[in-house]
Amino acid sequence: MRTTIRVAIIDDHDLFVRGMELLLPEVSGGRATVVATTSDAAYAAGIVRHAAPDLVLVDLHMPPPGGLHAIEAVRRAAPRATVIAMSGDDDPAVVLAALRTGASGFLPKSSTAAALLAPLLAAHQGWAVLPPRLLADLVAKDQRRSVPAATESLGPDDRALLRLIASGSSTADIATRLHVSERTVKRLTATLLRKLRVSSREAAAALAGSAGLL
């Protein structure tokens with residue numbers, strides 16, 4: 001016997017809510033049904049306590065107290081429920097804020113009920129759901145943020161060594177340039193790689209290029 005997935009919707013757009021109420025049971029073959037809705041973020045905690053949903057869809061762009069407040073309230077009131085943030089746009093900064101607040105994923109409201117079914121079922125099974133393009137944007141943003149953090153603590157000697165490594169200089173060449181032994185160069189290189197949290201000279205060179213050190 002299949003378990004019915006109980007869905008609550010916190011959204012002030014009546015057409016979207018009504019569409020989900022009517023179409024979600026149809027496209028899911030009765031497997032998913034909307035059990036509660038509210039257009040006021042302030043009532044989010046109340047409806048999830050009463051309805052005990054499995055999934056909670058929260059519109060991020062709601063009137064005050066807003067979608068992020070609703071996510072926080074739902075997480076406190078129903079910690080076992082899976083919260084999916086939704087929005088008419090996919091601004092990475094807004095999505096990140098929702099994920100940090102407690103959402104387990106994000107889906108665009110431009111999707112049809114049929115297109116939402118698969119990711120909602122995946123979310124119910126414990127998967128984090130994000131549109132592929134948005135996931136790529138978030139990863140790229142995180143990488144851009146981590147590059148300065150990895151290099152900003154380097155001193156002048158580390159930066160000089162990193163530039164030599166990035167230029168393709170051999171251990172012997174670096175030893176000559178720095179007036180040290182090859183053994184010392186290997187030791188300094190190993191220390192530098194640990195500081196940069198990379199495992200190879202090639203990765204260190206790529207990091208140097210991303211950080212504008214070349």
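Predicted model: local features only at pLDDT ≥ 70, side-chain atom pairs only at ≥ 80, totals over all residues.
The mean pLDDT of the protein is 86, and 88% of the residues reach 70 or more. Confidence is highest in strand β3 (residues 55–59), at a mean of 97, and lowest in helix α6 (residues 132–151), where the mean is 60. Asp59 has its place in strand β3, the element with the highest confidence.

Asp59 counts as buried because its relative accessible area is 2%, and buried means under 20%.

Salt bridges that share partners bring Asp11, Asp59 and Lys109 together in one network. The other link in this group is a salt bridge between the side chains of Lys109 and Asp11, with 2.7 Å from N to O. Here too distant parts of the chain are linked: Asp11 lies in the loop between β1 (5–10) and α1, Lys109 in the loop between β5 and α5, and the two are 98 residues apart. Asp11 is buried, with a relative accessible area of 3%, and Lys109 is buried as well, at 15%. Side chains of opposite charge can pair when their charged atoms come close.

Across the whole structure, a search finds 4 salt bridges. One of them joins Arg18 to Glu21, with the closest N and O atoms 2.8 Å apart. These two residues are 3 apart in helix α1, so about one helical turn separates them. An α-helix has 3.6 residues a turn, so residues three or four places apart point the same way. Arg18 is partly exposed, with a relative accessibility of 39%, and Glu21 is partly exposed too, at 27%.

Helix α1 (residues 14–27) also contains Leu22. Leu22 counts as exposed because its relative accessibility is 55%. Together with Leu23 and Val27, Leu22 makes a nonpolar surface patch of about 240 Å².

Helix α8 (residues 171–178) shows how a helix can have two faces. Thr171, Ile174 and Ala175 are buried in this helix. They cover an arc of only 100° around the axis, which puts them on the same side of α8. The face turned away from this buried side carries the exposed residues Thr176 and Arg177.

After α8 comes His179, in the loop between α8 and α9 (182–196). His179 has a positive phi of about 60° although it is not a glycine. At a relative accessibility of 73%, His179 counts as exposed. Ala52 provides another case, with a positive phi near 50°, and lies in the loop between α2 (44–51) and β3. A further backbone feature is the peptide bond from Pro64 to Pro65, which is cis, with omega near 10°. Pro65 lies in the loop between β3 and α3 (67–77). Most residues other than glycine have a negative phi, and most peptide bonds are trans.

Finally, Ser110 lies in the loop between β5 (105–108) and α5 (113–124). Ser110 is exposed, with a relative accessible area of 65%. The C-alpha atoms of Ser110 and Met86 are separated by 9.4 Å, and these residues are 24 apart along the chain.

Technical notes:
Residues numbered from 1 in each chain as written. Heavy atoms only, no water. Patch = residues over 30% accessible without salt bridge, like charges linked within 9 Å, V, L, I, M, F, W, Y side chains within 5 Å. Areas by Shrake-Rupley, 256 points an atom, 1.4 Å probe, with all protein chains shown as cover. Helix = DSSP H or I, 4+ residues; strand = E, 2+ residues; numbered from the N terminus. Buried < 20%, exposed > 50% of the residue type's maximum accessible area, 1.4 Å probe, protein only. Arc of directions from axis to C-beta. pLDDT = per-residue confidence, 0-100.
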